[in-house]
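Student: Could we walk through this fold together, one question at a time?
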Amino acid sequence: MLHKPVMATMAGDAEKENAPAVAWLGGLRVAARAIVDYALPPRCPGCGVIVGEDRQFCLTCWSSLDFLGGPGCVHCSIPLPASLPGGTIACGACLAEPPPFEGAPAAVAYGPVARAVALRLKYGRRTGHARLMARLMARQLAALGDSDALLLASVPLHRWRLWSRGFNQAALVVDELARLTGAAHDHHLLMRVRPTASLRGKSRRERERIVAGAFALAPDARRRVAGRHLVLVDDVHASGATLRAAARVLRRSGAARVSALTWARVVPDAPDAGNIFDFASLDSDMQVERMTG
Ligand SMILES: [Zn+2]
Ligand SMILES: [Zn+2]
């Protein structure tokens, strides 16, 4: 774990800058949310208490965030106690079955505050939270390589999910990361060709089976992928099954290297990790209303 970066404030967000990643109907809802937000006092993105500046964490939430970035597995970046001389170590799971990505860093360990931020973006339409997440993810992106050598891609939603939600939260984060770092991005490399059932309570083998074949390369994307270092961006890295499935498509399509960057990573030994399957259940859209406040 690293020392905490300077506390981020997000004053002056312009929600309309996210327009390319927002579908039409969802755009109306997002705009309505932005108007409501404008009229209300700023609130902590973690717990919702009133704070001094827009999108500034309260001290309690800020203190509880567990920033990642210490020694980790060379494949999946999960924190490991110490690096060996030479710096290449791998976790047991990756030694048994190396994932299709090289490096999967996250800004913070998954816990109550990280979860609340992700849910408020995803279900509460707090699209400005994408900028907050991106700012805290930018350091991890820089560790993957020079920004001009990277190509950012969001993990796509199935079109039904995109239509009902109105926006892809991962695409919003990609837009903000690109704006902050100057890295290239492309929202049209991958397609989610079939919806996937909840991964809740499934074994690793079952999760892999559910997401297998969920992604495909867009028809005209092969030449844009060939030889590039792709960085797949998503909000939460839980079991990693979805990221692995998307990364495999990119690898098969000629990407020189694929990494995965997320806002929050489930770290099994972290004190606040909770049950890894709690998060998977949230994809059912059932717990939306509680998070809209
Ligand atoms: Zn708070
Ligand atoms: Zn690993």
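Student: Over how many bridges do S2 and S3 pair?
Tutor: Keep in mind that this is a predicted model. The pairing of S2 with S3 is in the parallel sense, and Leu151 stands opposite Ala184 in S3. As for the bridges between S2 and S3, they number 2.

Student: And which residue in S6 is the bridge partner of Leu150?
Tutor: S2 also pairs with S6, again in the parallel sense, over 5 bridges. In S6, Leu150 has as its bridge partner His229.

Student: Is strand S2 mostly covered or mostly open?
Tutor: S2 runs over residues 150-154. Of its 5 residues, 4 are buried. That makes S2 mostly covered.

Student: What is the strand order in the open sheet?
Tutor: We've seen S2 pair with S3 over 2 bridges and with S6 over 5 bridges. The open sheet has 5 strands with parallel pairing. Its order reads S1-S7-S6-S2-S3.

Student: Which strands stand at the edges?
Tutor: An edge strand here has a single partner strand, so one side of it is left without a neighbour in the sheet. That applies to the strands at 106-109 and 184-185. Their names are S1 and S3.

Student: Which helix lies across S6 and S7?
Tutor: Look at residues 241-252. This helix runs at about 170° to S6. Its name is H10.

Student: How is H8 oriented against H10?
Tutor: H8 takes in residues 204-211, and its axis is 9 Å from that of H10. The two pack at an angle of about 45°. That angle is why H8 counts, relative to H10, as oblique.

Student: And how do the residues of the contact of H8 with H10 divide by class?
Tutor: On the H8 side there are Arg207, Glu208 and Val211, which meet Ala241, Thr242 and Ala245 in H10. The crossing of H8 and H10 is right-handed. By class, the contact of H8 with H10 holds 3 nonpolar, 1 polar and 2 charged residues.

Student: Let's move to H5 and H7. What is the handedness of their crossing?
Tutor: H5 is residues 129-144 and H7 is residues 169-181, and their axes come within 8 Å. They cross at roughly 60°, so H5 and H7 are oblique to each other. The handedness of the crossing of H5 and H7 is right-handed.

Student: What about H4 and H5: at what angle do they pack?
Tutor: H4 spans residues 112-122, and the axes of H4 and H5 are 9 Å apart. Val117, Arg120 and Leu121 in H4 meet His129, Ala130, Leu132 and Met133 in H5. By class, the contact of H4 with H5 has 5 nonpolar, 1 polar and 1 charged residues. H4 and H5 are oblique to each other, because their packing angle is about 140°.

Student: Is Arg125 buried or exposed?
Tutor: Arg125 sits in the loop between H4 and H5. Its phi is near 60°, a positive value in a residue other than glycine. Arg125 has 27 C-beta neighbours inside 10 Å, so it counts as buried.

Student: And where is Ser77 found?
Tutor: Ser77 has a phi near 65°, positive in a residue other than glycine. With 28 C-beta neighbours inside 10 Å, Ser77 counts as buried. Its place is the loop between H2 (59-64) and H3 (92-96).

Student: Last one: how far apart in space are Met191 and Ala218?
Tutor: Met191 is in strand S4 (residues 190-192), and Met191 is partly exposed, with 17 other C-beta atoms within 10 Å. Met191 touches Pro156, Phe215, Ala216 and Ala218. Met191 and Ala218 are 27 residues apart in sequence, yet their C-alpha to C-alpha distance is 5.9 Å.

Terms used: Residues are numbered from 1 along each chain as its sequence is written. Chains are lettered from A and ligands numbered from 1 in the order in which they are written. This is a predicted model: local features need pLDDT of at least 70, side-chain atom pairs count only at pLDDT 80 or more; totals for chains, interfaces and linings use all residues. Two strands pair if DSSP finds at least two bridges between them. Two residues are in contact if their C-beta atoms, placed from the backbone, lie within 7 Å. Axes are lines fitted to C-alpha atoms, for helices over the stretch in contact, and angles run from 0 to 180 degrees between N-to-C directions. Angles under 35 degrees count as roughly parallel, over 145 as roughly antiparallel, 65 to 115 as roughly perpendicular and the rest as oblique. A crossing is left-handed if the near helix is turned anticlockwise from the far one by less than a right angle, and right-handed if clockwise. A residue is buried if 20 or more other C-beta atoms lie within 10 Å of its own, exposed if 12 or fewer, and partly exposed in between; C-beta atoms are placed from the backbone. Ala, Val, Leu, Ile, Met, Phe, Trp, Tyr, Cys and Pro count as nonpolar, Asp, Glu, Lys and Arg as charged, and the others, Gly among them, as polar. Lists of a residue's contacts leave out its neighbours within four places in sequence.
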